[in-house]
Structures are given as structure tokens and as C-alpha cells.
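I am opening a notebook on this structure. My plan is to go from the whole chain down to single residues.

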Amino acid sequence: MSSATSFYDFKPLNKAGQEVPLLDFKNKVVLIVNTASKCGFTPQYAGLEKLYTSLKEKHADDFVILGFPCNQFGGQEPGSADEIQNFCLVNYGVSFPIMQKIEVNGDKASPLYEWLKNEQPGLMGLKRIKWNFEKFLIGRDGKVKGRWASTTKPEALEKPILEELERAAPPQGQAHKVEL
């Protein structure tokens, strides 16, 4: 989907292989994370779940985390979709959606991740995802608001997420006024 121009143009697959139109998340704040079950950063699942449940209490349906398992870094996500789901639930109580396993770099990289990396390159303009648990924050307007490395703990993202949650949703169906 190289013609995609917006976060809402993508339809990644859920754990069952069904398309999930990201348009369903319009006017919501979304945190995208590439995940792995056998990584030194895997305990971040606990922090992500805590962040998710805490913010969902205060902001109901305005916030979601989408986890995208990836086996490209040291073979640290070798399991099937069911094994990944079970691991996340049993070990960390994960209640946010864990999507179908994808690639985030290379020729077979997910179109969503290609778009994310183009919209928000990393340090020194590098687009490549460096490791598991990199995070992208999508604002209510569907634009990438931030990108954080694997070493950034989920709790450190509470402030930027809250700032996005406090922004009013864009008006529905109104044309933008252009001032010349």
C-alpha cells in the first residue's frame, strides 16, 4: 500500500488474520509498539499494560495500544499467534490488542511500519527500527507525534500521551479554512 498517505489508510491483520481498519481509531490516540516475548525488554509488557489500563480508566475509548509481534531481532518472537497471545495474557495480563506477527524492516516490512518510519525517522534521520519495543505515538489527527527507542520505558510516555488525549478531536466533516 505505497499510496497510503495517512495512518487511517492501513488495515493491518489481527491475531486471527482479519483486517483491522485503522480508520476505526480515528480521533483516538494510539501507541504502536513492535513486541517480542523473549527479549530483554519483554518486561515492558507490564508497563504497557499498566499504562493502558490507567489511561483507559480516565479516557474510556480514546486510547489504545497496538502490539505488533516481530521476530526480526535475534529470533525473539518465534511463537505462533496463539502462543504469543497466551504468553502475553498469562505472564503480563495484557488486555490491549496484540496483532498478527509482522516484519518492521526490509523488503517484507509491513506497509504501516514503512509509513511510520518515513513519518518519524529515528536519531540522525535513520528510519530503520533498531530493536524490539520501539514505540510510535499517533495523535487524534492521525499524525505521528513521537517515536521512542526500546530503552524508553512505557511509564515515561504517560505525559506525551496525556497531552494528546487532552487535545480536542478534529471537527467532523468541516472544511479547513485557508487564510491567504
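I start with the surface, and accessible areas here come from the Shrake-Rupley method with a 1.4 Å probe; for residues, only the protein chains shown count as cover. I looked up the total: the accessible surface of the protein chain is about 9800 Å². Carbon and sulfur atoms hold 51% of that surface.

I note the ground rules. This is a predicted model, where local features need pLDDT of at least 70, side-chain atom pairs count only at pLDDT 80 or more, and totals for chains, interfaces and linings use all residues. Residues are numbered from 1 along each chain as its sequence is written, and side-chain values use heavy atoms, with hydrogens and water left out.

**Whole chain**

I found four helices and four strands in the protein chain; helices (H or I, at least four residues) and strands (E, at least two) are DSSP runs, numbered from the N terminus. Their order from the N terminus is β-α-β-α-α-β-β-α. The radius of gyration is 16 Å, close to the 16 Å that the globule rule gives for 180 residues, so the chain is as compact as a globular protein of that length.

I then checked burial. Buried means under 20% relative accessible area, exposed over 50%, and partly exposed in between (1.4 Å probe, protein chains only). Of the 180 residues, 46% count as buried. Next came contacts, meaning heavy atoms within 4.5 Å. Among contacts with a separation of 6 or more, 68% join residues 24 or more positions apart.

**Helix α4**

Which residues of helix α4 are buried? In α4 (residues 158-166) they are Ile161, Glu164 and Leu165. They cover an arc of only 100° around the axis, which puts them on the same side of α4. The arc is that of the directions from the helix axis to the C-beta atoms. Lys159 and Glu166 are exposed on the other side of α4. The cover over the buried residues includes β1 (29-35), α1 (44-59), β2 (63-69), β3 (135-138) and β4 (144-148).

**Tyr92**

I found Tyr92 in helix α2 (residues 81-92). Its relative accessibility is 23%, so Tyr92 counts as partly exposed. Not counting residues up to four places away in sequence, Tyr92 touches Thr42, Pro43, Tyr45, Ala46, Glu49 and Phe87. I also looked up Lys50: Tyr92 and Lys50 are 42 residues apart in sequence, and 9.6 Å apart in space, C-alpha to C-alpha.

Notes. Rg over C-alpha atoms; globule rule 2.2 N^0.38 Å.
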